[in-house]
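Dear colleague,

I am handing over the structure below for your records.

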Amino acid sequence: MEIERKYLIKTLPTNLEQYPKTNIEQGYLCMNPTLRIRKKGDAYIFTYKSRQQESEHIQTCVNQEIELPLTKEAYEHLCKKTDGILVRKTRYCIPYGPYTIELDLFKAPYEDLQLAEVEFPTTEEAEQFSPPEWFGENVSGDFHYSNVFLATDIIKKK
């Protein structure tokens, strides 16, 4: 189970380069349920994700998520079958108390988009979470900020 909150960013944290980062590229084979392929550094991953619930009260997403390894060859083969574009971003992992903030800085055509996600062991912890000052609006409940929307919305704009 994945329990997360997603935020827009007001300002980037200072000394961002001190944190570990990974380049990510991902595409989508299906939207509901979500079937995603991802290249994360040197790893290739196939993900099944289905939304279990979304709490409007605390704007928290709860998903069932299963990840399986892919070979590079399988990833490259599946890339040709994705809907829309491959979403590319650099992810910084920033410690924050008992949590890790995953800060995503997107590449074209979304180079102005900056999002942070935080995962929680329970919905109660998500509800109690106090984000750092550099976080902006909680957009957990807004589908327009999901990676699957970013990948496939390009189709509609053409």
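**Salt bridges**

The side chains of Glu17 and Lys21 form a salt bridge, with an N to O distance of 3.5 Å; a salt bridge here is a side-chain nitrogen of Lys or Arg within 4 Å of a carboxyl oxygen of Asp or Glu. The model is a predicted one, in which local features need pLDDT of at least 70, side-chain atom pairs count only at pLDDT 80 or more, and totals for chains, interfaces and linings use all residues. Residues are numbered from 1 along each chain as its sequence is written, and side-chain values use heavy atoms, with hydrogens and water left out.

Glu17 is exposed at 57% relative accessibility, and Lys21 is partly exposed at 47%. In these terms, buried means under 20% relative accessible area, exposed means over 50%, and partly exposed lies in between (1.4 Å probe, protein chains only).

The structure holds 10 salt bridges. Another of them joins the side chains of Glu67 and Arg36, at 3.6 Å from N to O. This pair links distant parts of the chain, 31 residues apart, with Glu67 in strand 5 (residues 60–69) and Arg36 in strand 3 (residues 34–40). Strands are DSSP runs (E, at least two residues), numbered from the N terminus. Arg36 is buried, with a relative accessible area of 5%, whereas Glu67 is partly exposed at 41%.

Lys49 forms a salt bridge with Glu65, and their closest N and O atoms are 3.4 Å apart. Lys49 belongs to strand 4 (residues 43–55) and Glu65 to strand 5, so the pair ties together parts that are 16 residues apart in sequence. Lys49 counts as buried at 18% relative accessibility, while Glu65 is partly exposed at 25%.

**Glu2**

Glu2 is found in strand 1 and is buried, with a relative accessible area of 5%. A polar contact of 3.3 Å joins its side chain to that of Lys49. A polar contact is a pair of N or O atoms within 3.5 Å; within protein, one must be able to donate a hydrogen and the other to accept it, and residues adjacent in sequence count only if both atoms are side-chain atoms.

**Strand 7 and its partners**

Seven of the eight residues of strand 7 (residues 99–106) are buried, so this strand is largely enclosed by the rest of the structure. Strand 7 pairs in the antiparallel sense with strand 6 (residues 83–96) over eight bridges, and also in the antiparallel sense with strand 8 (residues 114–120) over five bridges. Two strands pair if DSSP finds at least two bridges between them. Glu102 in strand 7 stands opposite Cys93, and its bridge partner in strand 8 is Glu117. The hairpin of strand 6 and strand 7 has two residues between the strands, and there Gly97 takes a positive phi near 60 degrees.

**Nonpolar cores**

The largest nonpolar core has 18 residues, and Leu103 and Phe135 have the most contacts inside it. Such a core is a set of buried Ala, Val, Leu, Ile, Met, Phe, Trp, Tyr and Cys residues joined through side-chain atoms within 4.5 Å. Strand 7 supplies the largest share of this core, four residues. A second, separate core of 12 residues includes Phe106, Leu113, Val148 and Leu150.

With kind regards
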